[in-house]
Amino acid sequence: MKERHIIFILLIILSISLMGFTIYKGIVSWGSNSSNNSTEVVKDISEEFSDEKLETEIVEEPKISNIRLLAVGDIMFHSPQYKAAYDSTSQAYDFYPTFRHIESYIKEADIALGNFETVTAGDHVPFQGYPRFNTPKESLMALKDVGFNILSTANNHSLDHGKDGLVNTIKNIQEYGMKNIGTYKEKDTPILVEEIENIKFGFLSYTYGLNGMDFTLTEDELSFMVNLIDEEKIKVDIEKTKELGVDLTVVFIHWGNEYHREPSTYQIELGEKMVEWGANIILGSHPHVIQNSQIIHKDGKDNFIIYSMGNFLSNQRMDTTGNSYTEDGVMVSIEIEKDFSSGETLIKNIYYIPTWVHKYRDNDKLFFEILPIKDLFEEKIDVAISDTLKNRIKKSYDDTMEKMTQN
């Protein structure tokens, strides 16, 4: 009986072994009658679990660019200013000291622009201030040296010295390596498009009028040499910037009522229309005082308007105009971010840097300096100011910030 049991157990073990071999063979040759194909199946399985496939997949962070655009208001040169810049020893003009305290802000920006409210017609025409400005071209050299890139030249003083003044101003701006918007030497001048950190900007500029100097150009010349405010033209130009593939459209516009601290109904209506047409940043000049800023939400994004940035540089002040608000200026620094994974470009942050022009005498010589007010009170710049003047400057700061939209 023992022997039968042993034989029976051996038969069971043999049967199981044969079944296992058949199952293994079935797995290897499943779906194919060819031993070559069987190898391919095994190869596919090994590839699926290769070292390369088992490595942790590296997920790339979305690429993001951040840049800063900085804008200032009216840059004017009344006669006391260019006279103060004259060095009788070298018989040359040096405007750099006027801008030395704000140079770091300008140079920190990726794009810096302002309204150049004068012309540089040349020294064959007498230098003069209001009402028909003509400024030494060294003023442009100083603006370039402190970091400005683009100057808006469409304003009511664009034709103070006619066609020659307009053309020479553009040539001088280009000579110093800067660019201008709003006035042009030639027909069909392309819209200015600048690309920084793979973010593309379109720049436009317009003025409400030309102080009656329109007659210095022919009708044909007037049609392309100065951008006058024309709603249909502005709408078409904004649409053109989008066709050029810009991420943001910036409009510099000379408008509004002089010395009015509130924007007019017309300014507000036109500003809102420009945003509706596709403008993203609207920078106002001309009133010579600070006006409100505003954020307009459209299509899930913020768009920005400042109706007037006031006087960045001028001889207008309480002493000369009887209006203390003409002393107020503001640098607007706009942080812009582009997310390349979504393709969206957004206004991320807006910073306001109030400024004040310090006019003073030292050893009987006149000086003008643009002061960043916060730096003055935090003693980051070394400027001797009386307590009486400090109170006046503090009021200027408060008056400016009262008008600024907090974002």
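Which side chain does Lys-298 meet in a salt bridge? I looked this up in what is a predicted model, and found that the partner is Asp-299, with N and O 3.0 Å apart. I then checked how accessible each of the two is: Lys-298, at 22% relative accessibility, counts as partly exposed, whereas Asp-299 has a relative accessible area of 68% and is exposed. The cut-off for exposed is over 50% and that for buried is under 20%, so Lys-298, at 22%, falls in the class between them.

Next I turned to the pair of Asp-319 and Arg-392, whose closest N and O atoms I find 3.4 Å apart in a salt bridge. Asp-319 belongs to helix H12 (residues 318-321) and Arg-392 to helix H14 (residues 387-402), so this pair ties together parts that are 73 residues apart in sequence. Asp-319 is exposed at 59% relative accessibility, while Arg-392, with a relative accessible area of 28%, is partly exposed. I also noted that Glu-327 joins Asp-319 and Arg-392 in a network of salt bridges.

A further pair I looked up is Lys-179 with Glu-194, where the side chains meet in a salt bridge at 2.8 Å, N to O. Lys-179 is in strand S6 (residues 179-181) and Glu-194 in strand S7 (residues 192-196), so the parts tied together here are 15 residues apart in sequence. Lys-179 has 37% relative accessibility and counts as partly exposed. My search of the whole structure for such pairs gave 18 salt bridges.

I then moved to the nonpolar packing. The largest nonpolar core has 33 residues, and the members that touch the most other members are Phe-99, Leu-143, Phe-148, Phe-312 and Met-331. Among the elements that each supply at least two residues of this core, I listed strand S1 (64-75), helix H4 (79-84), strand S13 (311-313) and strand S16 (365-372). Helix H7 gives the most to this core, with 4 residues.

What does Phe-312 touch, once residues up to four places away in sequence are not counted? I find contacts that include Val-72, Ile-75, Phe-99, Ile-102, Phe-148, Met-331, Val-357 and Ile-370, and the list also holds Gly-73, Asp-74 and Thr-355.

Technical notes: Residues numbered from 1 in each chain as written. Predicted model: local features only at pLDDT ≥ 70, side-chain atom pairs only at ≥ 80, totals over all residues. Heavy atoms only, no water. Core = buried A, V, L, I, M, F, W, Y, C linked by side-chain atoms within 4.5 Å. Buried < 20%, exposed > 50% of the residue type's maximum accessible area, 1.4 Å probe, protein only. Contact = heavy atoms within 4.5 Å. Salt bridge = Lys/Arg side-chain N within 4 Å of Asp/Glu carboxyl O.
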